[in-house]
Amino acid sequence: MIDARLVRVRGVVQGVGFRPFVYRLARAHGVTGWVLNGTDGVRIHAEGAEDALRGFLRELEASPPRAASIDAIEVAVADVGGFTDFLIRASDAQGTTSARISPDLPVCDRCVAELLDPADRRAGYPYINCTDCGPRFSIIHELPYDRAQTTMSAWTMCEACAREYDDPHDRRFHAQPIACAECGPHYAFVDGEQTLAGDTGSVHGAIDAAIRALREGSIVAMKGIGGYHLVCDARAPESVRALRERKFRKDRPFAIMARDLETASATVHLSTASETLLTSVARPIVLAPSRVMLPFVAPGTRELGIMLPYTPLQHLLFARGAPALLVVTSANRSSEPIAYRDDEAHEQLSGIASAFLVGARPIARRVDDSVARAGVLGPVILRRARGYAPAAAARLASGRPILAVGSDLKNAVTLVVDGEAFVSQHLGDLVHHASYLAFEEAVHDLTRMYRVQWTDLVLVHDLHPQFASTAFALKLPCAERRAVQHHRAHIASVLAEHGALEAHVIGAAFDGTGYGDDGTIWGGEFFAGSVATGLRRVAHLRPASLPGGDAAARWPVQAAAGFLSCLNDLPVLASAPFSFPERYRNAQRLIECGVRTFTTTSVGRLFDAMAAIAGYTGEVTYEGQAAIWLEQSGRDAGPQTAYSFPFVDGVLDFRPALVEAIDDRVCGRTAPEIARAFHAGLALGIADALEALCATERTLDVVLSGGVFQNELLLEDLVARLSSTPLRLRMNRIVPPNDGGISLGQAALALN
Ligand code: ZN
Ligand code: ZN
Ligand code: FE
């Protein structure tokens, strides 16, 4: 008795060796029929005896390929077709496109072993890959995922590669980017005098030349998975300093790549959780406390961003003698998006790099390295790009497609198709024109790949009238447009990830800047309600003045002038021990005359003001620098008596804490002591506010989001304080708590 079933598998099931897996499984169970990639996932027609089918389906669910992630398996009875064999059929491009695009995968252990085995036919070949590993998102032009629709379409497989590609028992069966030194792309080393290409001599020629350049202290631009990197020896201070000067990058830390896990653990303190993150398939840059001094790599901070090699090229570099610790930073001029086209890289980087290691395989779209940290509540993604994007971040049941364009800072966009919320890779700060172009490119790219018509879209943007993303949303044709307040979007991003759209919660959204309902600058907000019923603002930080508006974010003393303007009997802060520069006095004058002075509840600016009081009186050259300084200072002191942050009538008052900090500084207490007492006090104040609001609203569910909660010292104190209460705490774990998560929250709030 022969039965037939039509099976649909949804999730990340394309480009991860799923069809060959199904093929082998069908053969093993004596099942006939076919498998193909459709636009909504993998489709299988399976025929066989009843227990053969049952065994086949059980194993399909229980042991999918390592890189696959199954969301749903739908099984329906089908007509028996009388198949005598099991086949992999051509892709079906009909219907809507909601198949998942796999993020890029790191080269697998078996490919690395072949790469380094002189007897293997792919020894030293920098584009080695198999169905378990290699690029995906960064090479795909169109869905479904087939070689002809990738940036590998220009290369024709040689006989040996074609044999592997067609052999169901081979690890490279239907590995779309399959290639070897015979038939595939190569790397070339280009400097002022010479060009060494891998396909004209030994496969190692170009790579060995790059290694020599690195050992001599040169800066080499290297084409990677989602863009170019600028690379130099992390232990050569002169090289790192030159890189900093040529990139016009004053203080912002560079990421480093360690040869192996052993080198990484000698460089940073790796907790078990950090190690898990470092070796995870996303291979992000992991922030961890430094164990070594690397001049100019991460000035003024004690954390290092470290990653492990994830491409065959990187493994080859280390195996053939490159310095064991390399600076590997996105190739761009300061603040611009990562360069990923060859011509653009040459033009932008020739003043920075003295040589180029250029791979011939084109990059379909730019994808930066991701940044993550093992936090007190689990992994936190700070920049979501390679290895994570464009995986679905949440299920949002919507009949219509939704495009949410995010915030202007740390932009990422979200597209909801067939109930799946796909969050783009990190796109940067849209104030920079090049990042704005990257943003437009990503929007068109996502909507094109998922075949979404503009006129069907619900378009969601921030409430800020001056945002570039808002202007973009306003000029596009669409079915409907929605504006969502920034801090509500922060809270909704957490609830969307957790699939808790109905949960009645108290949410705290603390960050640097967001446009408020009343047109003032918000950033210390408490909400009550749910995503489904709406979020009411129920409390906030005491409003302060902000002279110069957003420009105050660059000068902590300017923020200090705003926050201190409501206090009486201040000591003269221009003299010791404070020594505030003239800028402070100028900011005070703006407030006195009411010129360019705004009202704010920004906790980010409160951190800046406190940093200034504790001694940070210089400029901030990257976002959050003063707050990071204050957090790290706080770690240098033991536990301190917390400053007081009373919560009265829905207002969290910072004034007593500022008075205490100033008194302490006058009495000669150190910056670490002041910083620690501030963190402890703010944590207590937040906890008091949450407890009071939860009591009023009769809920135990608390949500935290916003850039301020990337502060681990604050979070540790807060978690410790809340652990003695019945409150349940939720935070972001899939999208960043910073503005990189805003678009997901916007999309969730547009469901109503
Ligand atoms: Zn592999
Ligand atoms: Zn080949
Ligand atoms: Fe924000």
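How many cavities of 30 Å³ or more does the count come to? The count comes to five cavities, where a cavity is a set of points on a 1 Å grid over the protein atoms alone at which a 1.4 Å probe fits but cannot get out. Before the details, a word on conventions. The model is predicted, so local features need pLDDT of at least 70 and side-chain atom pairs count only at pLDDT 80 or more, while totals for chains, interfaces and linings use all residues. Residues are numbered from 1 along each chain as its sequence is written, chains are lettered from A and ligands numbered from 1 in the order in which they are written, and side-chain values use heavy atoms, with hydrogens and water left out.

Empty space comes next. Rolling a probe the size of a water molecule over the atoms shows where such space is left. The largest cavity has a volume of about 190 Å³, a volume being the space filled by probe spheres set on grid points that are joined across faces, edges and corners. Its lining consists of 21 residues, and Tyr127, Ile225, Thr311, Pro312 and Arg361 are the closest to its centre; lining residues have an atom within 4 Å of a point. By class, this lining has 15 nonpolar, four polar and two charged residues (nonpolar: Ala, Val, Leu, Ile, Met, Phe, Trp, Tyr, Cys and Pro; charged: Asp, Glu, Lys and Arg; polar: the others, Gly among them).

A pocket, in contrast, is an open set of points with protein on both sides within 12 Å along at least five of seven lines. The second largest pocket holds about 600 Å³ of space. It is lined by 29 residues, of which Pro103, Gly387, Tyr388, Ala391 and Ala392 are the closest to its centre. β4 (69–77), β16 (378–383) and β17 (392–395) each supply at least two residues of this lining, and the largest share, four residues, comes from β17. Strands here are DSSP runs of E with at least two residues, helices are runs of H or I with at least four, and both are numbered from the N terminus. The lining of the second largest pocket divides into 18 nonpolar, four polar and seven charged residues.

The metal sites follow. Donors are N, O and S atoms within 2.8 Å of the metal (3.2 Å for Na, K and Ca), and sites may look incomplete because water is not among the atoms. Four donors count as tetrahedral if all angles lie between 85 and 135 degrees; four count as square planar and six as octahedral if opposite donors are over 155 degrees apart and all others between 65 and 115, and anything else is irregular. Cys108, in the loop between β5 (86–88) and α3 (109–115), and Cys130, in the loop between α3 and α4 (159–166), link distant parts of the chain, 22 residues apart. Cys108 counts as buried at 6% relative accessibility, and Cys130 counts as buried at 1% (buried is under 20% relative accessible area, exposed over 50% and partly exposed in between, with a 1.4 Å probe and protein chains only).

The zinc ion (ligand 2) has Cys158, Cys161, Cys180 and Cys183 as its protein donors, each through SG, at 2.2 to 2.3 Å. Angles of 102 to 114° make this arrangement tetrahedral, and the donors follow the spacing C-x2-C-x18-C-x2-C along the chain. Both Cys158 and Cys183 are buried.

His490 lies in helix α13 (residues 486–497) and Asp511 in strand β23 (residues 505–515), so the pair ties together parts that are 21 residues apart in sequence. His490 and Asp511 are buried.
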